[in-house]
Amino acid sequence: MKKKIVHKSAAPLYAAAVVWVLYALLFPLHRLTHFIVVILASALVGGIAKLICKDVVEEVEVPAEPETTGNAELDKMIDACDKAIAEMKRLDDNIADEKISAQIVRLGELTGKILGQVKADPAKLPQIRKFMNYYVPTTLKLLNAYDRMGAQGVEGENISGTMAKVEQMMGTIVIAFEKQLDSLFGSEALDISTDITVLDNMMAREGLSDDPIHRSQEAEKNDETDAGGITLEL
């Protein structure tokens, strides 16, 4: 966010002061008329100086105030997620391996989606505590080590072996992030499943369902009704 700051020129004040000094040196200042003249003269010169010396307008970048949700723990979690996503973008730019880079991008997307779900429903915050407090920091630690070792340009036993282990682990980490996101929809999925079951049963009872089981049950009821209404003639 940018803010305009106006720097007013001091030239008009200096010009008016010079008028007073010069007038005092050249002319007497012992009558009221003398003061009136010098005041008018200094005002005129100051006005001219103000027209010539314009105010300087400067635009400065002002840091935006951080948004707050009113929930201290959630705000802390949002800040941690934003920093983690920014770090993943940095690592993606640094690491040349295309497969690792693509996996990092995927982790960033998943982290953003997880954060979005918690922001939409803060009641889900406890579900991601371990995820944010351990899994994300540990993942970033592994990726930073991978980045540092890859920048050495050496294929020694320790460097190559460690980098290979990180590469093997990345697939598992991506799956873990995906499962974490999926778990946030657990209660919603249960609610929807319950709603579907109730809706299906109601539609069946009202004869609005095309389910073959319910159709056969309805047909049996109709047959029983018809049989009960038969009259035998002798």
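Leu-22 counts as partly exposed, because its relative accessibility is 46%. Buried means under 20% relative accessible area, exposed means over 50%, and partly exposed lies in between (1.4 Å probe, protein chains only). The residue sits in helix α1, which covers residues 11-26. Helices (H or I, at least four residues) and strands (E, at least two) are DSSP runs, numbered from the N terminus.

Leu-22 belongs to a nonpolar patch on the surface, together with Val-18, Val-21, Leu-25, Leu-26 and Phe-27. Together these residues have about 620 Å² of accessible area. Accessible areas come from the Shrake-Rupley method with a 1.4 Å probe; for residues, only the protein chains shown count as cover. Patches are made of residues with over 30% relative accessible area and no salt bridge; like charges are joined within 9 Å, and nonpolar side chains (Val, Leu, Ile, Met, Phe, Trp, Tyr) within 5 Å.

## Basis of the model

This is a predicted model, in which local features need pLDDT of at least 70, side-chain atom pairs count only at pLDDT 80 or more, and totals for chains, interfaces and linings use all residues. Residues are numbered from 1 along each chain as its sequence is written, and side-chain values use heavy atoms, with hydrogens and water left out.

## The chain as a whole

The chain holds eight helices and two strands. From the N terminus on, the elements run β-α-α-β-α-α-α-α-α-α. Of the 234 residues, 24% count as buried. The chain exposes about 17000 Å², and carbon and sulfur atoms supply 60% of that area.

Contact means heavy atoms within 4.5 Å. Among the contacts in the chain with a separation of 6 or more, 70% come from residues 24 or more positions apart.

## Salt bridges

How many salt bridges does a search of the whole structure find? There are six. A salt bridge is a side-chain nitrogen of Lys or Arg within 4 Å of a carboxyl oxygen of Asp or Glu.

One of them joins Asp-147 and Arg-90, with the closest N and O atoms 4.0 Å apart. This pair links distant parts of the chain: Asp-147 is in helix α5 (residues 129-150), Arg-90 is in helix α3 (residues 72-94), and 57 residues separate them. Asp-147 is buried, because its relative accessible area is 14%. Arg-90 is partly exposed at 33%. Both residues also belong to a network of salt bridges with Glu-87.

## Two partners for Arg-106

Arg-106 forms a salt bridge with Glu-109, and the closest N and O atoms are 3.7 Å apart. The two residues are three apart in helix α4 (residues 98-120), so about one helical turn separates them. Glu-109 is partly exposed, with a relative accessible area of 41%. Arg-106 is partly exposed too, at 29% relative accessibility.

The side chain of Arg-106 also meets that of Glu-178 in a salt bridge (3.3 Å, N to O). Glu-178 lies in helix α6 (residues 157-183) and Arg-106 in helix α4, so this pair ties together parts that are 72 residues apart in sequence. Glu-178 counts as partly exposed, because its relative accessibility is 32%.

## Aromatic rings

A pair of aromatic rings is described by the distance of the centres and the angle of the planes. The structure holds four aromatic pairs. Rings of Phe, Tyr and Trp (its six-membered ring) pair if their centres lie within 6.5 Å; planes under 30 degrees apart count as stacked, over 60 as edge-to-face and the rest as tilted.

Tyr-23 and Phe-27 form a tilted pair, 4.9 Å centre to centre, with 40° between the planes. Tyr-23 is buried at 13% relative accessible area, whereas Phe-27 is partly exposed at 44%. Tyr-134 and Tyr-135 have ring centres 5.5 Å apart and planes at 75°, so that pair is edge-to-face. Tyr-134 is partly exposed at 48% relative accessibility, and Tyr-135 is partly exposed at 41%.

## The loop around Thr-69

Where is Thr-69 found? Thr-69 is in the loop between β2 (56-61) and α3. Thr-69 is partly exposed, because its relative accessible area is 44%. Not counting residues up to four places away in sequence, Thr-69 touches Leu-74, Asp-75 and Ile-78. The C-alpha atoms of Thr-69 and Lys-119 are separated by 8.7 Å, with the two residues 50 apart along the chain.
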